[in-house]
Amino acid sequence: MPFLNTHAKNILNKLTHVNQIKDRIAQAFGFWFLIKPVFRTASTSSSFSRIHPKLVHRGRVGSQEPSRGNSLIAMAEDELHTQDGTVDIRNKPADKAKTGNWKACKFILGNECCERLAFYGMSTNLVNYLADRLGQGNVTASNNVTNWSGTCYAMPLLGAFLADSYFGRYWTIFIFSIIYVIGMALLTLSASVPGLKPSCHDGNCHANGLQTAAFFVGLYLIALGTGGIKPCVSSFGADQFDDSDEREMKKKSSFFNWFYFSINLGAMIASSVLVWVQMNVGWDWGFGIPAVAMAIAVAFFFSGSGLYRLQKPGGSPLTRMAQVIVAALRKSSILVPDDKSRLHETEDMRSSITGSRKLEHTDELTFFDKAAVPSNTDNMKDSPNKWRLCTVTQVEELKSFIRLLPIWATGIVFAAVYSQMSTMYVLQGNTMDPHMGPHFKIPSASLSIFDVISVLFWAPVYNNVIVPLARNVTGHPRGFTLLQRMGIGLFISVFAMAAAGILEIVRLRVVKENNYYDLEFIPMSIFWQIPQYFLIGCAEVFTFIGQLEFFYDQSPDAMRSMGSALSLTTVSLGNYLSTFLVTIVTKVTTKNGKLGWIPENLNRGHLDYFYWLLAVLSLINFLVYLWITSWYKYKKTTPTK
């Protein structure tokens, strides 16, 4: 008894929230009238047996039955550590008071802000570098940018696979951050070191094979680096909040908004200050500053290592999904029992998959349930062969992933619209009057700052105004469901393309009426582009932030990096779709010697037709999205305690 008394007192004295543990113990014991007076004296009582003798008697210490006193100790210890399986940097159970939450997230948000500053600092104006320094035409430069950007957002699949399967998110970020910094350094050298940078004479630049190769090697190392860390950073930040703690769960939704806010804060500095540096000071400084920013981002991230919560890798999700498919095919002739409790699942509360909670059975995609039907050939006494018999949770992992795919596909067209900010919007702005006063010119790529301003404006408006109003109408805690939020953004994107198309119609009318076909800048202010940038930013707040949270929330616990990567691949395929559309449009519209929709001199083309094409595709995509979301069912997990 003294041992039990001392342990109980020590643990209780460590707790900072005595009232909360009181409520939990009361509910567990089921007799509140006995417990209520106990905790008023728990910290001063010299003996646990003196608190209430009935508790000791009912605990039956030393008998064959489980001790309720031991249960109290276990519950107290649960309060000290997270219950979602996370560990600290020393691979010990994560202490809730010392790790995670906002004290850890500030390092992650700071890292994301600096990394995005570096990324957008070298990518926002990339189309102009390719055209001016490497001598590429509009179509070639535009396609090179979208191809590279597509690769940036395809590489997350590799990073996510390594994080979920082998290294975990923290160490995956470490590995790919080093690759990222090397790529930024090489890109800077290719724009500043004689012999590696293109030679320019009388405003005309030419790059030889070595110079072009050095530039593109650095560029694609950056694609590998940013792609590797991108699916991990947002998920790693969300990991800092315990899914089993309702108080921490409420903070997680705010994290995604602050995460996107940090992205756009870095992007704002990049699209304003750094673009101006590139166009007025030089590309050596223009690429050098982002390289330094990336080095700062890496240092900032690792300085918070002692505060992080790390989710253990659960093994290859691709292998687990393949096991379900193979097992289901092997048992294709077996009938699934009506009583779903007969399907195979582990007996304890936790899943057999490291870092994952159990998933409840769903009545969709029932063919895959065959993989969880025990048969006479399965070795149930020992560990069954997972290529023959899978758990319900493993089957539901595959189902969850398949359910995400239609939602994922509808994000591709939106990403194609978003990619126009770094290509066609910039080329359109190059033809308009960039003057702010008599002496200052704003680079066309810097207009993307209004997209950032739009995001920084709409993000808090959404949280503080739109959500409370919507909550009063819908009764949903988030105001809108995640699917509704994403759908609103898809609808707004139609108007963004329409605004760009209308502006181009007006611009071409001014050219035609005044015979400005060969004028470098027509007398029409570049600031007329602001509405199309502002609408894109508004759509981002609804769709991209909604995607971040949706794919993290709806992915199985041990596949969350893969879920984040899946959302990012929409950006990749959106860029590839943009490249495909530009290539097809150019090929079709330049037949028989015609200039086409997107010629070198846009004053003689019809860029407005391309914008209207994207507007129509966006509208069709939105209607398809409404149909898909009408039958989607959200994931359900089983409690861990």
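Which element supplies the largest share of the lining of the second largest pocket? That share, four residues, comes from α8. This is a predicted model, in which local features need pLDDT of at least 70, side-chain atom pairs count only at pLDDT 80 or more, and totals for chains, interfaces and linings use all residues. Residues are numbered from 1 along each chain as its sequence is written, and side-chain values use heavy atoms, with hydrogens and water left out.

**Second largest pocket**

- The second largest pocket holds about 740 Å³ of space.
- On a 1 Å grid over the protein atoms alone, a pocket is an open set of points with protein on both sides within 12 Å along at least five of seven lines, and a cavity is a set where a 1.4 Å probe fits but cannot get out.
- Grid points are joined across faces, edges and corners, and a volume is the space filled by probe spheres set on the points.
- The pocket has 30 lining residues, and Asn128, Asn430, Thr431, Glu520 and Phe521 are the closest to its centre; a lining residue has an atom within 4 Å of a point.
- At least two lining residues come from each of α8 (126-132), α12 (246-280), α16 (424-429) and β5 (440-441).
- Helices (H or I, at least four residues) and strands (E, at least two) are DSSP runs, numbered from the N terminus.
- The lining has 13 nonpolar, 12 polar and five charged residues.
- Ala, Val, Leu, Ile, Met, Phe, Trp, Tyr, Cys and Pro count as nonpolar, Asp, Glu, Lys and Arg as charged, and the others, Gly among them, as polar.
- The second largest pocket lies between domain 1 (81-315) and domain 2 (414-636), because both give residues to its lining; the domain bounds come from an automatic or database domain assignment.

**Cavities**

- There are nine cavities of 30 Å³ or more.
- The largest cavity has about 340 Å³ of space.
- Its lining consists of 25 residues, with Tyr120, Thr124, Tyr418, Met421 and Ser422 nearest the centre.
- Two or more of these residues come from each of α7 (101-123), α9 (138-152), α12, α17 (449-474) and α20, and α12 gives the most, with five residues.
- By class, the lining of the largest cavity has 14 nonpolar, nine polar and two charged residues.
- Domain 1 and domain 2 each give at least three residues to the lining of the largest cavity.
- The second largest cavity has about 240 Å³ of space, and Tyr153, Lys230, Tyr260, Phe544 and Leu568 lie nearest its centre among 17 lining residues.
- The second largest cavity lies between domain 1 and domain 2, because both give residues to its lining.

**Helices α10 and α20**

- α10 (residues 156-192) and α20 (residues 560-589) pack at an angle of about 175 degrees, with axes 8 Å apart.
- That angle makes α10 roughly antiparallel to α20; the term is used for angles over 145 degrees.
- Axes are lines fitted to C-alpha atoms, for helices over the stretch in contact, and angles run from 0 to 180 degrees between N-to-C directions.

Terms used: Angles under 35 degrees count as roughly parallel, over 145 as roughly antiparallel, 65 to 115 as roughly perpendicular and the rest as oblique.
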